[in-house]
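Subject: Structure handover

Hello,

Here is the structure I promised to pass on. Please open it before you read the notes.

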Amino acid sequence: MIALAGIGRVFRVGGEEVHALRDVNLQIAAGEFLSIMGPSGSGKSTLLNVIGLLDRPDAGRYLLDGRDVTALPDDELARVRREKLGFVFQFFHLVPRLSAAENIELPMVLAGIDPAERRARLDRLLGEYGLRERAHHRPSELSGGQCQRVAIARALSMGPAVLLADEPTGNLDRHTGQDVMAVLERVHAGGGTLILVTHDPEIGARAQRRLRMVDGAIAGDDKA
Amino acid sequence: MRAADLVAFSWNVLRGYGARTLLILLAMGIGVAAVVAVSAIGEGARLYVVNQFGALGTNLVIVLPGRSETAGAMPGVLVGKTPRDITLDDALALKRSHAIRRIAPLIVGAGDVHSGTRHRETPVLGSTAEFKDIRGMELAQGRFLPEGDPRHSTPVCVIGTTVAAELFGAGAGETRALGEWLRVGDRRFRVIGVLAKQGESLGFNTDEIVIVPVAAAQALFNTSALFRILAEAKSRDQIPAAKSDIEEIMRERHEGERDVTVITQDAVLATFDRILTALTLAVGGIAAISLAVAGILVMNVMLISVTQRRAEIGLLKALGATGGMIRLAFFTEAVMLALGGAALGLAAGKLGEVLIGQVYPAIPFSAPLWALAAAPAVAIATSILFSVAPARQAARLDPVRALSKR
């Protein structure tokens with residue numbers, strides 16, 4: 001489903017070239033649960049951003065569902081993100097003035113989905129992630145775990161093919177982190193493709209396929 | 001994104017940053033209110049002047065001796081010779097024109113007016129019975145000058161209320177003036193009417209005048225020359241015809257020389273109208289500068305908003321918003337602010353208009369339609385214009401970098 005061939009990404013920092021990604025080749029099949037681990041600056045977040053179409057590679061080819069998305073125009077990329085990809089961030093990135101329900105609804109609003117359909121999906125998601133009582137609370141009134149559940153529900157509201165999570169437990173205590181991992185694993189169990197960036201080995205070990213990155217290159221690819 | 005969702009989203013942003021929203025509304029409101037109030041004052045002044053001219057009488061055509069070749073110069077001065085006088089016969093000859101309803105010859109002079117031991121100096125007007133209708137005068141008591149051959153002098157006069165009060169006892173209302181004798185210079189006139197209180201009308205206070213038959217005034221001031229001839233055209237459309245008839249008749253009577261000037265009330269009015277409309281536009285334009293200032297404030301606040309909401313904009317992009325959607329969201333916000341500000345400003349401007357109207361009830365303050373339409377339009381246009389730069393900046397934000405800021 002995801003095919004990266006010879007992907008390179010170069011940043012210029014103070015006149016010096018930093019190779020965040022060098023010659024990355026990666027195939028990810030539908031329904032896989034993949035963790036990307038590695039030290040800080042190893043390029044794992046950049047790889048996730050490239051896969052998530054938030055960042056454009058400087059070299060290589062990226063096929064998503066058999067379609068070359070390397071050179072798509074920005075608006076088309078936005079459309080692909082909207083329809084095929086869901087993001088979960090370390091810092092949740094909920095809009096503070098919107099309620100939990102409104103945050104979950106946001107991608108559907110951007111996609112212009114009919115309000116009746118939106119309400120039906122919202123209701124299902126609120127129930128599924130145990131947020132029904134908190135639906136009308138602002139993020140500032142929610143716990144960290146609840147915030148991340150809202151973010152996951154938001155990422156899934158458009159029924160994406162791939163869920164991308166960047167350190168989803170990085171800002172949570174151990175216990176809450178376990179809860180969030182359980183939620184993500186349930187998504188995978190339901191047939192979703194899950195790509196997770198973490199530097200917590202314990203979390204990373206829960207994935208069936210574990211990618212290790214060092215200096216912008218894939219150093220290890222273990223399949224359980 | 002659906003239009004309703006876009007509006008709801010922007011509404012949420014505006015509510016979320018309440019203080020900011022209020023400040024912009026205030027700036028926009030003041031700008032719009034200033035344009036409305038200032039143009040209302042200008043328009044009020046214009047209407048006031050137009051009404052003052054209207055009080056002169058309707059469809060008025062004025063004939064004065066001498067021909068002004070250059071606008072603004074004293075008639076007769078430039079050509080270097082005294083123009084031929086206009087006589088009473090000239091005036092009566094104008095009745096031949098089919099375009100003219102009535103005419104009134106006019107002689108103006110100053111006279112010592114005596115009644116018993118009281119006396120004062122007043123303007124003395126010599127005219128005919130038709131003067132009353134041409135000038136739209138009302139009588140408080142008695143009647144106006146009698147009809148009849150204007151060449152014959154009858155020793156009667158009509159006086160203004162102030163004159164009546166000062167010469168015939170206190171109280172402007174019922175005076176004992178009627179039937180009394182009044183001495184003007186060395187002639188005596190019987191008072192047959194008192195004019196209703198009318199006040200100032202273009203330099204002449206009709207409360208302070210004495211009107212005598214034109215022949216009497218000719219004898220009094222020892223002249224056969226008329227000061228003016230006032231002619232009333234049969235209708236507004238007939239004014240040009242009346243004017244050309246008058247010029248034709250006067251030329252015939254003055255051996256082919258065009259030595260009179262014919263002024264139509266319309267021409268004078270049109271000039272004043274143009275001047276005052278230009279003035280209103282000018283002050284309205286100055287007030288509109290405050291709208292531009294409000295526009296810059298909108299830009300400023302929007303730019304700050306882009307910085308404040310970096311993470312949110314990055315998130316929206318990650319969730320699949322295109323640059324166009326982000327731009328549109330910012331524009332919607334700006335338009336909503338402008339609409340709110342304009343509504344506030346229109347209300348405040350109208351209120352100001354009513355308040356000034358209370359202070360100066362004589363002047364008909366009312367904002368012209370163009371100002372009521374242009375002020376909100378300019379407000380909306382400037383806020384869209386000034387939000388182009390912030391909206392572009394927001395739309396161009398790189399989502400990875402926007403999201404990495406904590």
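This is a predicted model: local features need pLDDT of at least 70, side-chain atom pairs count only at pLDDT 80 or more; totals for chains, interfaces and linings use all residues.

Start with helix H7 of chain B, residues 239-253. H7(B) has 15 residues. From first C-alpha to last it reaches 21 Å, close to the 21 Å expected at 1.5 Å a residue. Ile239(B), Ala242(B), Ile246(B), Ile249(B) and Met250(B) are buried in H7(B). Seen down the axis, the buried residues of H7(B) fall within an arc of 95°, so they line one face of the helix. They pack against several elements of chain B, including strand E1 (60-65), helix H3 (88-93) and helix H8 (265-308). After H7(B) comes Glu255(B), with a positive phi near 55°.

Next, the largest pocket. It holds about 860 Å³ of space. The lining has 36 residues, and the closest to the centre are Ser45(A), Asn49(A), Asp166(A), Val400(B) and Ser404(B). Elements that give two or more residues to this lining include helix H1 (44-51) of chain A and helix H13 (399-404) of chain B. By class, the lining has 13 nonpolar, 13 polar and 10 charged residues.

Last, Thr46(A). This residue lies in helix H1 of chain A. Is Thr46(A) buried or exposed? Its relative accessible area is 13%, under the 20% cut-off, so Thr46(A) is buried. Leaving aside neighbours within four places in sequence, Thr46(A) is in contact with Arg9(A), Phe11(A), Ala20(A), Leu21(A) and Asp55(A).

Best wishes

Key: Residues are numbered from 1 along each chain as its sequence is written. Chains are lettered from A and ligands numbered from 1 in the order in which they are written. Side-chain values use heavy atoms; hydrogens and water are left out. Helices (H or I, at least four residues) and strands (E, at least two) are DSSP runs, numbered from the N terminus. The expected span of a helix is 1.5 Å times one less than its number of residues. Buried means under 20% relative accessible area, exposed over 50%, partly exposed in between (1.4 Å probe, protein chains only). The arc is that of the directions from the helix axis to the C-beta atoms. Contact means heavy atoms within 4.5 Å. On a 1 Å grid over the protein atoms alone, a cavity is a set of points where a 1.4 Å probe fits but cannot get out, and a pocket is an open set with protein on both sides within 12 Å along at least five of seven lines; lining residues have an atom within 4 Å of a point. Grid points are joined across faces, edges and corners, and a volume is the space filled by probe spheres set on the points. Ala, Val, Leu, Ile, Met, Phe, Trp, Tyr, Cys and Pro count as nonpolar, Asp, Glu, Lys and Arg as charged, and the others, Gly among them, as polar.
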